[in-house]
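Thanks for asking me to look over the salt bridges. Here is my note, point by point.

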Amino acid sequence: MAAIPCCPKPQISAYADTPLLRQCPAIQQLLAQLQCPLHAVRLMNMQSGAYIKPHRDHDLCFEQGEVRLHFPVFTNSEVVFYAAGTPLHMQAGECWYVNVHQTHSVVNNGSTSRIHLVADCGVNDWVKNWFAAAPLAHQVADTVNTGELLAIIAALRLQRTETSMALAQQLEQQLHQSPIF
């Protein structure tokens, strides 16, 4: 397996579209739907047998005002993204937000490359509303037991921000509607 080195977040003040983007109308259409500041957008190829060692992208999270969105374009069933120790299987055509401020890693044990469109976006009201409407509790429920979910709700309430309180309330309502056992 080949390791992909982890690089610090570049300190660039402004990004510009490359000429290649003009040749990708589907990507342009997708990006036009994101009604938030785009800080960096790129296609990331992870070849068969490659892995990314556990690391953190410091301060790159919703709570710090920036989200990293993954749009899997090509993938295979042997690609696993580990977020805080939890395995995630991202499928082509989906959109994923993962808090990369937490420790995460990726392994491609499949026979084909994995290609994601990755967008680092500024958090604005549109992002906040989009996240509030997303079925986050269902994603959490798939990987977390009831006790862990209650601990997450308690931790969110301790943050005492408008967003954390709203998310805690949403998770609590979801839990009462369909308990996890």
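This is a predicted model: local features need pLDDT of at least 70, side-chain atom pairs count only at pLDDT 80 or more; totals for chains, interfaces and linings use all residues.

1. Residues are numbered from 1 along each chain as its sequence is written, and side-chain values use heavy atoms, with hydrogens and water left out.

2. How many salt bridges does a search of the whole structure find? There are 3, a salt bridge being a side-chain nitrogen of Lys or Arg within 4 Å of a carboxyl oxygen of Asp or Glu.

3. Asp120 and Arg42 form one of them, at 3.4 Å from N to O. The pair links distant parts of the chain, 78 residues apart: Asp120 sits in strand β9 (residues 114-122) and Arg42 in strand β2 (residues 38-46). Strands here are DSSP runs (E, at least two residues), numbered from the N terminus. Arg42 is partly exposed, at 25% relative accessible area, whereas Asp120 is buried, at 4%. Buried means under 20%, exposed over 50% and partly exposed in between, using a 1.4 Å probe and protein chains only.

4. Asp120 also meets Arg68, with 2.7 Å between N and O. This pair again links distant parts of the chain, with Arg68 in strand β4, 52 residues from Asp120 in strand β9. Both residues are buried.

5. Arg68 has a further salt bridge with Asp57, at 3.2 Å from N to O. Asp57 lies in the loop between β3 (50-55) and β4 (66-74), and Arg68 in strand β4, so the pair ties together parts 11 residues apart in sequence. Asp57 counts as buried at 14% relative accessibility, as does Arg68 at 13%.

6. Where does this lead? Through shared partners, the salt bridges join Arg42, Asp57, Arg68 and Asp120 into one network.

Methods. Helices (H or I, at least four residues) and strands (E, at least two) are DSSP runs, numbered from the N terminus.
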